[in-house]
Amino acid sequence: MLVRLVRLARLARLARLARPVRPRLVRLVQGIALLSTGLLAGAFGYGAVNLVPTFGAVPLETRLTFHTELMRMNSPVMQTAMGVAAVGALALSVIRVGRERLLAAGATALVAASFLITRFGNVPINARIKEWARTSAPADHAEVLQRWEMFNIARTVTALAAFTLLIALSLVRPARTSRTAAD
């Protein structure tokens, strides 16, 4: 009997802790997640569709100088966009349930993949490009620049996929708009 009372007391305490997530909060978090992943996918997409082909149309010295300056300006903007997109998608995965949670978690993983591709793929090559702009490009520069473009396509695709998942999530009718202690 005592064991049952203790269990009931625990359940009552958990029930008090399990407050419904306000629909307004869900909409706000979802809006932030959608906006930030959309901006991230759009920025990467613009670069892939417009900037990269332009890099190939100008002399190498011009490309290296422009690339270096562009990365200097882009760095804080893109880091902020990736951070807000990751936090927004993660927060959405915490406050949603069921398949909505899975969609938001998938978007979070894809934003994280975009960050990791950028950090460990593009950024080291950007450092080399910066050095080449000051000195001269090595004989294998075309291969290195091709690798940068491959990483750029990969991070663009992962950001676009994250945005697509969050769009799908916004179109799904929520199973519930509350989270309980059992979730």
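Trp-148 is buried, at 3% relative accessibility. This is a predicted model. Trp-148 belongs to a cluster with Phe-55 and Phe-66, linked by ring pairs. Helix 2 supplies Phe-55 and also most of the residues named below for a surface patch, three of them.

**Aromatic cluster**
- The count of aromatic pairs comes to two.
- Phe-55 and Phe-66 pair edge-to-face, with 6.0 Å centre to centre and 65 degrees between the planes.
- Phe-55 lies in helix 2 and Phe-66 in helix 3 (residues 60-95), so this pair ties together parts eleven residues apart in sequence.
- Phe-55 counts as buried, at 5% relative accessibility.
- Phe-66 is partly exposed, with a relative accessible area of 42%.
- The rings of Phe-55 and Trp-148 have centres 6.4 Å apart and planes at 65 degrees, so this pair is edge-to-face too.
- Trp-148 lies in helix 5 (residues 141-171), so its pair with Phe-55 in helix 2 ties together parts 93 residues apart in sequence.

**Helix 2 geometry**
- Helix 2 covers residues 23-57, which is 35 residues.
- From first C-alpha to last, helix 2 reaches 50 Å, close to the expected 51 Å.
- Helix 2 has a kink of about 35 degrees, centred on Ala-48.

**Nonpolar surface patch**
- Leu-25, Leu-28, Ile-32 and Val-84 form a nonpolar patch on the surface.
- Together these residues have about 330 Å² of accessible area.
- Helix 2 gives the patch its largest share, three residues.
- Leu-25 sits in helix 2 and is partly exposed, with a relative accessible area of 41%.

Methods. Residues are numbered from 1 along each chain as its sequence is written. This is a predicted model: local features need pLDDT of at least 70, side-chain atom pairs count only at pLDDT 80 or more; totals for chains, interfaces and linings use all residues. Side-chain values use heavy atoms; hydrogens and water are left out. Helices (H or I, at least four residues) and strands (E, at least two) are DSSP runs, numbered from the N terminus. The expected span of a helix is 1.5 Å times one less than its number of residues. The bend at a residue is the angle between axes fitted to the seven residues ending there and the seven starting there. Patches are made of residues with over 30% relative accessible area and no salt bridge: like charges are joined within 9 Å, nonpolar side chains (Val, Leu, Ile, Met, Phe, Trp, Tyr) within 5 Å. Accessible areas come from the Shrake-Rupley method with a 1.4 Å probe; for residues, only the protein chains shown count as cover. A salt bridge is a side-chain nitrogen of Lys or Arg within 4 Å of a carboxyl oxygen of Asp or Glu. Buried means under 20% relative accessible area, exposed over 50%, partly exposed in between (1.4 Å probe, protein chains only). Rings of Phe, Tyr and Trp (its six-membered ring) pair if their centres lie within 6.5 Å; planes under 30 degrees apart count as stacked, over 60 as edge-to-face and the rest as tilted.
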